[in-house]
Amino acid sequence: MISKKTKYALLALGYLAEKYDQGPQLISEIAVETKIPKKFLEAILLELKKIGVLSSKMGKGGGYYLRKPPSDVGLAKIIRFMNGPIAMLPCVSLNFYEKCDECTSEKECGLNKVMIEVRDTTLKVLENKTVADLINR
């Protein structure tokens, strides 16, 4: 399950995708339109700016905006950054691998095999989806 922080990040990115050609968007407007608490949203937008997904403009006409077209911002990257591993178990994670304490053999573990399949199927979807797919049409 994704965290509330990740869900809010995706909602905010969807909103910014809808407004992509309209310039920077005020935090207060994003918060109202997406129903995200403003303080929480501020922290999320700063994190997304830090990884280069967003830019901001200060002053009159300022706010946040996507640095790239929505179709160039992959969901897998956002989810990994905001939420951590996409895999449901650390022993099947591609980027955050950890051996399970109770496991004696990953090769013989049925749970490991099932979770690899779940991970691969999830990744297949997320790696082919972008922020453009979040726009309500």
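Lys5 and Glu47 form a salt bridge, with their closest N and O atoms 2.8 Å apart. A salt bridge here is a side-chain nitrogen of Lys or Arg within 4 Å of a carboxyl oxygen of Asp or Glu. Lys5 sits in helix H1 and Glu47 in helix H3, so the pair ties together parts that are 42 residues apart in sequence. Lys5 is partly exposed, at 25% relative accessibility. Buried means under 20% relative accessible area, exposed over 50%, and partly exposed in between (1.4 Å probe, protein chains only).

The model is predicted: local features need pLDDT of at least 70, side-chain atom pairs count only at pLDDT 80 or more, and totals for chains, interfaces and linings use all residues. Residues are numbered from 1 along each chain as its sequence is written, and side-chain values use heavy atoms, leaving out hydrogens and water.

By the rule above there are four salt bridges. Another joins Lys39 to Glu42, with the closest N and O atoms 4.0 Å apart. These two are three residues apart in helix H3, so about one helical turn separates them. Lys39 is exposed at 68% relative accessibility, while Glu42 is partly exposed at 24%. Arg119 also pairs with Asp120, at 2.7 Å between the closest N and O atoms. Arg119 is buried, with a relative accessible area of 12%. Asp120 is partly exposed at 38%.

Now the overall fold. The protein has five helices and two strands, in the order α-α-α-β-β-α-α from the N terminus. Helices (H or I, at least four residues) and strands (E, at least two) are DSSP runs, numbered from the N terminus. Of the 137 residues, 38% count as buried.

In soluble globular proteins, nonpolar side chains tend to be buried together. Here the largest nonpolar core has 31 residues, and Leu48 and Leu54 have the most contacts inside it. Such a core is a set of buried Ala, Val, Leu, Ile, Met, Phe, Trp, Tyr and Cys residues joined through side-chain atoms within 4.5 Å. H1 gives the largest share, eight residues. Beyond its neighbours within four places in sequence, Leu48 is in contact (heavy atoms within 4.5 Å) with Ala9, Leu13, Val53, Leu54, Ile78 and Met82. Another core, of six residues, lies apart from this one; Ala87, Cys91, Val92 and Cys103 are among its members.

Thr34 is in helix H2. Thr34 counts as buried, at 14% relative accessibility. Setting aside neighbours within four places in sequence, Thr34 is in contact with Leu11, Ala12 and Tyr15.
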